[in-house]
Every structure is written in C-alpha cells, then in structure tokens.
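Please keep the sequence and the structure in view while reading.

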Amino acid sequence: MSPSSGTENDPSPRKLSPFVFWAQTERNISLRVSLQDVSKPEINADTDSMEFSAHGIGANAGRNEYYFKFVFFKEVDANVQVSMKQMAIEIQIEKKELEWWPRLTKNSEKPAWLKLDFDKLKTCDDDEEEEAYDPKLYDPSDALTQIKNRRKKYQQRVENFRKIYLFLYNLSQFIGFLYVLIVLNVQYAKEGPEFLEKAYPLIQTAFTFCQVLQILEVVHPILGYTAGSAIPPFLQVFGRMFMLVGMINGEPRIQSKPAVFYLIYVYCLSEVIRYPYYMLRVYNVDIGFLTWLRYTVWIALYPLGFLCEGIIILRNIPYFEETQKYSLFLPNKWNLSFYFPSIMRLYVLLGLFPLLYAAMTHMYRQRVKILGRSYHRKED
C-alpha cells in the first residue's frame with residue numbers, strides 16, 4: 001500500500017496515492033499515473049503545483065479513491081494535457097523555462113509514490129532535444145550537463161535491458177510450452193488414446209520448469225517491469241502450482257488419468273497464444289489476429305481448465321485419504337489438526353466456481369478494453 005502523509009508532496013491521510021512515474025526533457029514534464037478504469041479524474045494544476053484525485057484500480061490497493069498533491073520544482077504552464085490510456089493516465093506539462101530540473105518537486109524529500117519513468121527518458125523526445133541543442137544555453141563543460149547526460153544514458157541502458165529481458169523471458173516460455181504441446185500432439189498421433197496414461201511422465205520436467213518459471217510474473221509488476229497489479233498473476237500462478245505440485249506431482253497415481261493430459265494440454269494451448277502476444281507488446285507491436293486470439297480463446301479454455309482441475313481434485317480425494325499426505329493429526333508440537341481431503345472437498349464445493357467467475361470476469365473486462373476499443377476506433 002502506498003504511503004500517505006500530510007506534507008505537500010504526500011496525499012491526504014484519508015486517501016491512498018497511486019504510483020506516479022515522471023520524466024522530463026528540457027521543455028516538458030510527463031507524468032504517468034498508474035491507475036486503471038478511471039473515467040473522470042479531477043486534476044487541478046497551476047503554475048507551481050498540481051492536485052490529482054480519481055477513483056480507479058491501483059497497483060497495490062485495488063479499486064479505491066486515490067489522491068496526490070505536490071509543488072513543482074519551478075514554475076510551469078498551468079494548461080496541462082491529459083490523455084486516458086488503458087493502464088494509466090498520462091499528463092503532459094510544459095516548463096516556463098528551458099532547463100533540466102534536478103528533481104520534480106520543490107521539496108527535496110522524494111515521496112514514496114513518485115518514481116522515474118524509464119519509458120519517457122529515451123527515444124524520440126531525447127532525439128528531438130538533441131537536434132534542438134543550443135550551445136548558447138548549455139555549456140558542454142558544465143558539470144550538471146555532464147551528469148545529466150550520464151544519467152540519461154544509464155537510464156536508457158536500464159530500459160533497454162528491461163525490454164530485452166522481458167522479450168527473452170516471454171520467448172523462452174513460448175518455446176517451452178510449445179515444446180510440450182508438440183510432444184503431446186506427436187505422441188498422441190502415433191499411439192492414440194493409449195498415450196494418455198503415459199503422457200505426463202514424458203513432459204513432466206519441461207512443463208514443471210516452465211510452470212515454476214512463471215513465479216517471475218508475480219515479481220515483474222512488483223519491480224515495475226510490467227504495468228498492472230501483481231494480484232491476478234499471483235492467483236493464476238498459485239492455482240497452477242497447487243495443481244502441479246500438490247495434486248499431480250504429489251500423487252503419482254493421478255498422473256495416468258486422462259484429465260491430467262487434457263489439463264496440461266489446455267494450459268499449454270493458452271500459453272502458446274499468450275506469450276507471443278506479450279513478447280511483441282514489449283516493443284509495441286500489435287498483430288490484430290493474435291490480439292483477438294489472446295482475448296478470445298479463454299472463453300473456451302478457462303471453463304475446460306477448471307473442469308479438469310475439479311475432476312483431478314475429486315479423483316485425488318480417495319488417494320489422500322489413504323496416504324494421509326498433507327494432513328496433520330493430534331498430538332503434535334503445534335497442537336493443531338488438519339485433514340487435507342476435507343479442504344479438497346470444500347474447495348470443489350465452494351471455491352472452484354467463484355475462482356472461475358473471478359478469472360472470467362477479469363478477462364472479460366480486459367477483452368472489452370482491448371477489442372472493444374479497437375472496434376470503436378475502426379467505426380470512427
């Protein structure tokens with residue numbers, strides 16, 4: 001949760017603050033407010049300060065009221081430009097004087113919610129500024145200019161590393177899940193339905209490696225490598241790890257059941273569509289058909305995946321009753337008892353369908369944002 005206080009750089013103690021990413025050129029200041037589902041933000045700006053409030057979905061606190069206010073380092077033009085994006089609100093501010101600022105706020109103490117925006121400290125804006133360079137205004141021997149140039153180069157290297165890392169991560173995951181999918185298809189074509197009983201041991205190592213690697217997708221938004229909240233990827237990764245480690249790897253007798261084959265197949269089919277989409281989006285490449293697949297195939301795959309998970313859990317209940325694995329009985333040093341088969345029954349009865357509803361609702365909203373927006377743009 002973002003911190004709050006009563007200072008000029010911090011929000012009201014009764015409200016949360018969103019993450020605000022800022023960058024600058026000699027002429028302009030850009031702010032990216034990390035909020036989703038915002039309809040009408042209230043932005044009050046004058047020549048020396050800005051006040052922002054809106055209702056939306058933040059990175060750490062979910063849907064809530066968000067607020068921040070700060071005083072600029074120097075005077076700016078009070079007429080700001082606001083554009084609403086899918087994942088954020090972007091604000092463009094023009095400086096009164098042509099110069100680089102050592103910081104955004106007049107107060108030297110940086111607010112916890114204010115961060116550098118590496119996306120804006122590079123490329124076209126920097127190129128334009130370099131072409132407009134005036135030696136009368138900036139002395140190359142000036143220490144501040146040299147520090148600024150070194151900082152800008154460092155930030156650009158960090159951003160380039162971030163993009164290369166995300167591209168290679170998504171590419172490696174795509175190759176891994178594609179390999180598992182190809183093995184399942186080729187062996188099934190050779191052996192037919194008899195292959196279902198021995199499919200999982202054949203791809204267990206590769207699939208487990210790819211699935212464990214997905215834990216990084218929970219870390220990425222926390223580190224700021226990707227936009228959005230860490231909650232949706234956490235729920236998905238935790239659910240799949242529970243099925244893989246707890247249900248499938250935890251009970252070898254379930255591995256020969258057809259439901260395991262179909263579950264792995266559904267997982268892989270979803271991922272070989274998802275990862276190429278994210279891989280291209282790292283460099284803002286948008287292929288219409290791939291985008292449509294990314295936000296459409298879940299309509300069929302999500303219910304099939306949850307159905308297979310429910311079957312596997314139900315088939316596993318007798319096995320865990322026999323082995324008493326993951327259960328805890330009295331007496332013990334913690335003085336606690338825990339019967340795992342009962343938890344499995346409760347999950348199937350009370351937890352499976354709410355989770356399916358939450359996952360499909362989240363994906364439906366994403367589909368409306370992406371495909372709905374593209375559709376209206378075409379109509380215009």
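## Confidence in the model

The term pLDDT stands for the predictor's confidence in each residue, on a scale from 0 to 100. In this chain the mean pLDDT is 84, and 87% of the residues reach 70 or more. Over residues 122-142, however, the pLDDT is below 50, and this stretch has 22 contacts in the model beyond near neighbours in sequence, where a contact means heavy atoms within 4.5 Å. Residues 374-380 also stay under 50 in pLDDT, and for them the model has zero contacts beyond four places in sequence.

This is a predicted model, in which local features need a pLDDT of at least 70 and side-chain atom pairs count only at pLDDT 80 or more, while totals for chains, interfaces and linings use all residues. Residues are numbered from 1 along each chain as its sequence is written, and side-chain values use heavy atoms, with hydrogens and water left out.

## The chain as a whole

The secondary structure comes to nine helices and eight strands; these are DSSP runs numbered from the N terminus, with helices (H or I) of at least four residues and strands (E) of at least two. Of the 380 residues in the chain, 43% are buried, a word that here means under 20% relative accessible area, whereas exposed means over 50% and partly exposed lies in between (1.4 Å probe, protein chains only). Among the contacts with a separation of 6 or more, 67% are accounted for by residues 24 or more positions apart.

## Two nonpolar cores

A nonpolar core is a set of buried Ala, Val, Leu, Ile, Met, Phe, Trp, Tyr and Cys residues joined through side-chain atoms within 4.5 Å. In soluble globular proteins, nonpolar side chains tend to be buried together. The largest core in this chain has 49 residues, of which Leu-184, Ile-203, Phe-207, Met-247, Ile-264 and Ile-312 touch the most other members. Two or more residues each come from helix H2 (143-191), helix H3 (199-213), helix H5 (231-248), helix H6 (258-281), helix H7 (288-294), helix H8 (298-323) and helix H9 (340-379), and H6 gives the most, with 11 residues.

Which residues does Met-247 contact, once its neighbours within four places in sequence are left aside? They are Phe-242, Ile-254, Ile-312, Ile-313, Asn-316, Phe-320, Phe-340 and Met-344. A second, separate core of 23 residues includes Leu-16, Val-33, Val-38 and Ile-89.

## How the helices pack

The axes of H6 and H8 are 9 Å apart, and the two helices pack at an angle of about 150°. That makes H6 roughly antiparallel to H8, since angles under 35 degrees count as roughly parallel, over 145 as roughly antiparallel, 65 to 115 as roughly perpendicular and the rest as oblique. Here axes are lines fitted to C-alpha atoms, for helices over the stretch in contact, and angles run from 0 to 180 degrees between N-to-C directions. The residues that make this contact include Leu-263 and Val-266 of H6, together with Leu-304 and Ile-312 of H8.

The axes of H3 and H6 come within 10 Å and cross at roughly 35°. Among the residues that make this contact are Ile-203 and Phe-207 of H3, and Ile-264 and Tyr-267 of H6.

## The loop between H8 and H9

Pro-331 lies in the loop between H8 and H9, and a cis peptide bond with an omega of about -5° joins Leu-330 to Pro-331. Gln-324 lies in the loop between H8 and H9 as well; its phi is near 60°, a positive value in a residue other than glycine, and Gln-324 is partly exposed, with a relative accessible area of 42%. Tyr-326, found in the loop between H8 and H9, has a phi near 70°, a positive value in a residue other than glycine, and Tyr-326 is partly exposed at a relative accessible area of 35%.

Lys-15 lies in the segment before strand E1 (20-24) and counts as partly exposed, at 33% relative accessibility. Although Lys-15 and Glu-65 are 50 residues apart along the chain, their C-alpha atoms are separated by 6.3 Å.
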